[in-house]
Amino acid sequence: MIGVEVAEGENTVNTAPTTVEVFASCLRHAMDGRGLKQADLIRMAADRGSKLGKSQVSQYVSGKTLPRRAVVQLLADILEIEPFELTGESWAAEYESMPAPAPAARAKSAGPAALAPATADGAPALAPATPDGAAAPATSAFIPSSPAMSDPPGRAEARPAAAFPELRTFAGRSTSSSHSEGNIMSENTRTFKKSSKLDNVLYDVRGPVVDEAARLESEGAHILKLNIGNPAPFGFRTPYEVIQDMREQLPECEGYSDSRGLFSARKAIMQYAQLKGLPNVSMDGIYTGNGVSELINLCMQALLDTGDEILIPSPDYPLWTACATLAGGTPVHYRCDEQADWNPDLADMEAKITPRTKAIVIINPNNPTGAVYAKEVLEGIVEIARKHQLMIFADEIYDRLCMDDAEHVSIASLAPDLFCVTFSGLSKSHMIAGYRIGWMIVSGNKRLGEDFMLGVNMLSNMRLCSNVPAQSIVQTALGGHQSVKSYVAPGGRVCEQRNYVYEALNAIDGITAVKPKAAFYIFPKMDVKKFNIRDDEQFALDLLHQKGILITRGGGFNWPEPDHFRIVYLPPMDVLHEAMEDLAEFFETYRQR
Ligand code: PLP
């Protein structure tokens with residue numbers, strides 16, 4: 001093994017902040033992706049016979065110093081990525097601008113193991129190497145020759161620059177001033193970086209693998225999207241009556257509404273809450289939002305101070321974790337147990353409560369597992385919340401999509417003495433996702449949350465109101481005939497598709513899946529030993545490149561092991577047949593490299 005000796009402070013280059021900050025951001029991203037801490041980098045470098053100093057690593061991570069090329073290569077090796085993923089495609093240019101190392105140091109540090117642009121598994125990189133060993137821009141590396149996917153790509157292709165959109169700023173530009181494409185870039189040019197608040201925020205449902213799928217599509221590939229629960233593209237259409245009612249009311253929807261929402265919408269929501277048994281609900285405790293998404297964010301902002309903890313399921317719908325993090329809170333994940341039909345592990349939940357814990361989030365019916373919690377489980381959660389004086393947030397956006405004998409119980413109906421906020425909307429249970437309408441209902445002992453509600457009101461007023469045309473159809477959608485009922489009944493589209501996908505997945509050697517009881521997702525488990533899977537994002541990219549199928553990796557739902565993925569089973573049966581056949585074929589030979 002040829003070591004890279006990199007004493008602290010030696011051969012580092014201070015460059016314009018933009019470049020070092022991009023490097024630092026990419027380094028943190030890659031470390032987070034692999035769950036590595038700074039100490040791990042130091043230890044793993046030592047395993048490779050190279051020395052990295054503590055303050056040196058800290059400087060790279062905090063964006064104070066840009067390492068020289070041999071160190072970039074070392075870090076990339078440790079992180080099992082390509083160097084350009086840390087530096088952007090301007091690596092070669094950046095390197096040229098660094099002072100040349102002293103000949104002795106160069107000889108020592110620039111050995112083949114340190115600088116050869118080999119892939120992580122030792123195969124030659126597909127991106128051609130430049131004479132000085134720097135990788136060529138990755139964007140030229142993979143252009144599928146036909147929509148039918150062929151060979152799996154190497155790592156250089158598999159983790160494209162598209163995964164790090166900010167790097168595009170630097171693509172193909174030199175460090176000297178240039179006016180090409182109307183842009184001026186020089187070493188001292190100020191560019192704009194995303195806020196560090198986003199460093200730990202994850203939303204893979206529309207994340208880097210989706211960016212890669214978009215890139216492939218732009219090159220003519222056909223991608224089957226099993227990654228997002230968007231019913232309309234799969235033929236689940238809004239009932240005509242709803243469209244007709246919106247059309248008629250449109251001229252009345254030009255102005256802002258009350259910030260909580262139209263009276264007619266809130267009245268219909270209140271009546272629905274009464275039918276679900278929610279205690280102590282009043283019109284002033286009902287808020288409409290631009291989807292449940294907006295209201296999740298609003299509540300997290302209103303509740304959490306820096307360091308406040310909130311219990312969120314793992315796996316989760318990742319927006320909860322993202323919004324809690326953005327609000328400065330600390331999401332603490334309690335485990336849902338696959339062996340127990342993905343029900344929450346109540347012992348784990350309770351064990352994770354600390355004096356800083358403020359609330360428990362439950363997602364029932366659950367995305368991504370499709371679980372529906374039994375009344376006894378919900379009573380157990382209420383008991384924990386009661387004992388530790390916690391608020392309950394219940395995301396029940398899939399409540400009308402229960403199958404078989406599963407009956408949905410609103411947790412708030414079991415907790416009249418606690419402060420509960422229940423979320424729902426038209427996106428899923430009514431399959432009308434694009435109009436953007438959701439709501440939240442405050443119930444139970446409202447005195448406990450009086451001050452929190454002042455915050456909610458302030459934030460609700462600040463966004464003025466939610467989309468008024470969409471509010472105008474809530475009454476129509478919530479009342480009368482419910483077309484979704486026929487989808488989830490035996491013989492209905494969603495129910496039959498669920499049955500088929502469940503059977504087909506379990507027939508694949510190395511794959512097991514719990515049968516979902518609601519919604520339109522399934523969360524299968526992969527035998528990681530059999531498939532040698534260590535990185536679920538890599539698995540998702542491999543599946544995308546080989547079969548043109550886009551799924552969401554389990555890690556995207558804050559699931560800690562790389563052994564699950566989520567499939568949306570909304571596409572029609574013939575498409576699902578094809579997808580399952582392709583999937584079976586893929587797993588027949590797949591071994592992660
Ligand atoms: N909550 C859960 C559990 C979801 O799965 C989703 C979307 O997939 C949302 C909330 C967001 O819904 P909306 O379209 O109302 O913003």
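Modeller: D341 lies in the loop between β6 (330-337) and β7 (343-344); helices (H or I, at least four residues) and strands (E, at least two) are DSSP runs, numbered from the N terminus. This is a predicted model, in which local features need pLDDT of at least 70 and side-chain atom pairs count only at pLDDT 80 or more, while totals for chains, interfaces and linings use all residues. Residues are numbered from 1 along each chain as its sequence is written, and side-chain values use heavy atoms, leaving out hydrogens and water.

D341 has a positive phi, near 55°, although it is not a glycine. Most residues other than glycine have a negative phi, and most peptide bonds are trans. The peptide bond from N364 to P365 is cis, with omega near -5°, and another cis bond joins N367 and P368, with omega about 20°. P365 belongs to the loop between β8 (357-363) and α16 (375-388), and P368 is likewise found in the loop between β8 and α16.

Now to the ligand, which sits in the second largest pocket. On a 1 Å grid over the protein atoms alone, a pocket is an open set of points where a 1.4 Å probe fits, with protein on both sides within 12 Å along at least five of seven lines; sitting in it takes more than half of the molecule's atoms within 2 Å of its grid points. Around the ligand are 13 residues, the closest being V292, S293, D395, Y398 and S427; each has a heavy atom within 4 Å of the ligand. Helix α13 (residues 291-303) gives the largest share of this shell, three residues. By type, the shell has six nonpolar, four polar and three charged residues, with Ala, Val, Leu, Ile, Met, Phe, Trp, Tyr, Cys and Pro counted as nonpolar, Asp, Glu, Lys and Arg as charged, and the others, Gly among them, as polar.

Key
On a 1 Å grid over the protein atoms alone, a cavity is a set of points where a 1.4 Å probe fits but cannot get out, and a pocket is an open set with protein on both sides within 12 Å along at least five of seven lines; lining residues have an atom within 4 Å of a point.
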